[in-house]
Each structure stands twice: as structure tokens, then as C-alpha cells.
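Hi everyone, thanks for coming.

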Amino acid sequence: MLKLALAQINPTVGDISDNTSKIISYIKRAEREEADLIAFPELAITGYPPEDLINLPDFVQQNLSALDKILPVTKNITAVVGFIATDQRGRKYNSAAILSHQRTLGIYHKMHLPNYGVFDEKRYFTPGHTPSTFRVNKTIIGVNICEDIWVENGPTKQQVSGVGGGGQGRAKLIINISSSPSHSGKIQERYNIISEQASNNKVYIVYVNLVGGQDELVFDGRSMVFNPRGELIARAKSFAEDLLIVEIPNHTTLQPPSEAEYIEIYKALKLGLSDYCRKNGFKSVIIGLSGGIDSALTALIAVDALGSKNVIGFYLPSEFSSRLSQQYVIKLAKNLGIKLVTIPIKDIYQSFLKSLGLSKRGGCGKITLTEENLQSRIRGTILMAFSNKSGALVLTTGNKSELSTGYATLYGDMAGGFALLKDVPKTLVYKLSSHLN
């Protein structure tokens with residue numbers, strides 16, 4: 001019986017010191033649980049994705065020095081830790097170190113580097129070529145990294161069959177350390193792939209995923225363990241750090257999760273915002289409230305992520321703003337318990353028109369596109385001014401449907417530091433809002 005600990009942690013990109021301290025603390029927790037092995041996510045030491053930090057020699061060296069600090073802590077346990085490895089030719093690898101009882105059993109280099117969507121790993125890393133296996137407490141394990149598990153005849157099949165050399169024989173257990181970002185439906189995709197790999201190769205698979213927000217990416221965790229029949233036998237929390245303890249073999253069968261899509265997405269948005277603020281030093285946020293559904297949903301997520309005292313709403317009415325919009329804004333601020341600042345922009349708008357020599361009205365008395373955009377840009381200027389003065393982050397409220405079709409004002413409602421709903425279509429905005437109400 002092998003007792004495993006899946007360390008689903010939330011590291012910060014570039015903060016090697018803090019990430020190392022977190023890794024060491026989790027190793028000590030796993031020891032108290034009498035675990036034989038603990039596994040951490042992909043590039044746990046550096047945070048993911050480190051991107052151009054990889055090109056800094058000092059950064060890579062700090063990451064290697066961190067591994068030296070972790071090694072002595074593994075006196076009574078084996079740890080699988082993601083880090084950046086180098087060779088004598090200066091090539092860099094996305095790697096996993098297998099540290100056991102204060103010695104390094106081996107290093108595995110990621111063989112399949114993703115280079116699509118949000119991934120750009122071929123720019124930084126050299127692919128590995130050896131699907132190694134390692135012996136831990138009489139159990140032969142194979143370690144691979146993220147994309148490797150998605151390849152049908154990739155490292156998993158090679159490690160189980162003993163093909164490829166560089167190992168102890170045929171693996172009975174596969175540990176995949178991952179940094180897989182979340183999107184709608186991603187959990188089911190992962191479930192299907194890992195379940196299929198486990199059943200096809202008749203092997204236990206331990207999948208350890210990163211959790212937390214990093215800029216526009218959100219990692220949902222939900223680390224999992226599958227038995228050789230392809231059945232899920234254990235799963236960690238979603239969108240939260242966790243230390244999942246599981247024994248292999250374990251024949252308890254659970255059903256695949258049936259979490260509603262909007263709950264999954266809402267938790268991702270909340271975590272993405274809270275981690276972006278925390279990791280970039282923002283204590284509070286500013287939101288321009290129009291009385292519309294996008295700014296209302298943005299405000300709700302911000303309150304849930306940061307607390308009502310750290311969210312400030314701004315209502316910036318022009319002479320064309322309706323009374324109903326004002327009523328909605330006031331009611332929203334009251335319901336959420338946030339501070340509301342109201343600054344009419346009529347005089348500023350008239351001053352702009354006069355200074356620019358513009359007519360307030362177009363043909364047939366209609367307001368033109370120029371005047372419409374001018375109001376939005378005045379609002380953007382005011383929000384950014386208060387951001388500069390207070391240090392609060394301005395949240396852009398536009399949704400994916402508007403941004404992708406250009407239904408927005410450059411330097412106006414697009415102004416801000418973080419676009420919370422930029423990947424949420426308008427239809428989903430309605431669905432989320434309806435559910436949350």
C-alpha cells in the first residue's frame with residue numbers, strides 16, 4: 001500500500017522564495033499524514049507560466065538553488081517537484097525532480113511541449129526524450145508532465161510498457177504533474193482523457209493540478225486519482241488549495257463530478273480576480289456602474305472576491321442618462337454594501353464640446369458617434385484619475401461579445417487594468433446573473 005499526498009498549491013510566478021517555503025510546508029504536512037510520496041504541480045517552484053523570466057540566468061539559478069533547499073526536507077518522504085532544469089549546453093527543460101530520502105532519484109523532462117492557445121512552451125524549453133520510471137517503496141512509478149498525459153501513445157504508454165529505457169521497469173503508477181488552466185467544460189475533457197489513459201494502460205494515474213489565478217489564466221485544481229479500470233477514486237477541491245491523501249490501491253469508486261457550468265465559471269472568475277489583486281499588490285478596485293447587467297455582475301464578483309469594503313462604485317451620469325439607470329445603480333450599491341461615488345459629467349461634456357468646436361447634435365437632432373464616445377472617454381478619464389490617486393485597480397466591465405465585435409469605446413469603457421468578463425459572452429452574463437440572483 002502506497003500512501004500518496006497530492007499537493008494542490010497556489011504559487012506566484014517569480015516568487016521563488018515564497019513558493020519554496022510553501023512546498024516545504026506541504027512536505028512537512030504530508031509527513032505528519034505519514035505519506036510515502038507527495039507530488040506538486042508543474043513548475044511549482046517558479047509558478048506557471050514563468051514566460052520571459054526563463055531567459056534570466058539568475059532566475060533559473062534561483063530555481064535550482066530552491067531545489068537544493070527542498071532536498072534536505074525529504075528525509076522521510078519522496079517528493080515530485082516541478083522546476084526548470086538546464087544542461088551543459090544551456091538548454092532549459094520543463095522538468096520534475098524526484099527527491100527521495102535526501103537524494104535525487106532522477107529528473108524527468110517534459111516530452112510534449114504545448115504551443116497553442118495560451119501555451120508557448122516551445123519558445124522557452126527543449127523537449128525531453130526519455131520516458132523514465134523510478135522505484136519508490138518497492139513500487140515502480142512513471143512521472144510525466146501535463147501535455148504528456150494527453151498524448152495517446154505518449155510517455156504514459158511507454159512508461160507502463162517499459163519502452164524507452166532510462167527506468168526501473170514497467171510502471172504500476174503514473175504521476176502527472178500539471179498546470180492546466182480552466183475553461184468551460186475543461187473538467188470533463190480532463191476526466192475523459194485521464195480515465196481513458198488509466199483504463200487503456202491498466203494503471204493507476206495520479207493527476208496533480210495547479211490552482212490559482214495568474215494574470216488572465218485561472219487554474220482550477222481538481223487534482224484526481226484514477227484506478228486501472230478508469231474509475232475516479234479521489235478528487236481534490238476546486239478553485240482552492242488542498243492536500244489530498246489517498247492510498248494505492250484504493251477500490252472506492254466515485255461518480256464523475258456534475259458541477260453546474262455556471263458555478264464552475266463563477267468560481268474561476270472569483271479566483272482569477274482575487275489572485276490578480278493579491279499577487280499584484282492591489283487592495284481595492286473601482287468599477288464604473290452604468291445600471292447595466294455587465295457592471296452589476298462585475299461588482300458582485302468583486303465583492304465576493306475582495307469584500308464590500310474594498311469595492312468602490314462610480315456612477316457618472318450625463319444629461320442623457322435615464323432615471324431608471326440611476327435607480328438601478330443605487331439599489332445595486334445598497335444590496336452589495338459598497339461605497340457609491342456619483343459625479344455628473346454634464347459640465348465636463350459641454351466644456352469638451354465647446355473647446356473642440358463640436359455640435360452637440362447630429363442630423364435630425366440625434367447625438368452622433370463622436371459625442372457618444374466622448375462621454376465614455378470622459379468616464380474613463382475620471383475612473384483612471386481616481387485609480388491613480390487611490391491606488392485602486394479599475395475593473396473593465398465589457399463582456400466577450402462586445403469586445404470581440406468592437407462594441408466598445410477605445411480609451412473609454414475599455415479603460416482599466418483588469419477585464420474581468422473579457423472571456424464571458426453576453427448570453428453567459430445573463431445566465432450567471434440569473435443564477436446568482
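Let's start with the rings: there are six aromatic pairs in this structure. One of them brings together tyrosine 48 and phenylalanine 219, and it counts as edge-to-face because the ring planes stand at 85 degrees, with the centres 6.2 Å apart. This pair links distant parts of the chain, since its two members are 171 residues apart. Tyrosine 48 lies in the loop between strand E2 (37–39) and helix H2 (57–70), while phenylalanine 219 belongs to strand E11, residues 217–220.

Another ring to find is tyrosine 26. The charged end of arginine 29 sits over it, 4.8 Å from the ring centre.

Now please turn to helix H5, residues 261–280. How far does H5 reach from its first C-alpha to its last? The answer is 29 Å for its 20 residues, close to the 28 Å expected at 1.5 Å a residue. Just after H5 comes glycine 281, which takes a positive phi of about 80 degrees.

Finally, a word on confidence, as this is a predicted model. The protein chain averages a pLDDT of 92, and 95% of the residues score at least 70. Over residues 250–258, though, the pLDDT is below 50. In the model, that stretch has 18 contacts beyond near neighbours in sequence.

That's my tour, and I'm happy to take questions.

Note on methods
Residues numbered from 1 in each chain as written. Predicted model: local features only at pLDDT ≥ 70, side-chain atom pairs only at ≥ 80, totals over all residues. Heavy atoms only, no water. Phe/Tyr/Trp six-rings, centres within 6.5 Å; stacked < 30°, edge-to-face > 60°. Helix = DSSP H or I, 4+ residues; strand = E, 2+ residues; numbered from the N terminus. Lys NZ or Arg CZ within 6 Å of the ring centre and 35° of its normal. Expected span 1.5 Å × (residues − 1). pLDDT = per-residue confidence, 0-100. Contact = heavy atoms within 4.5 Å.
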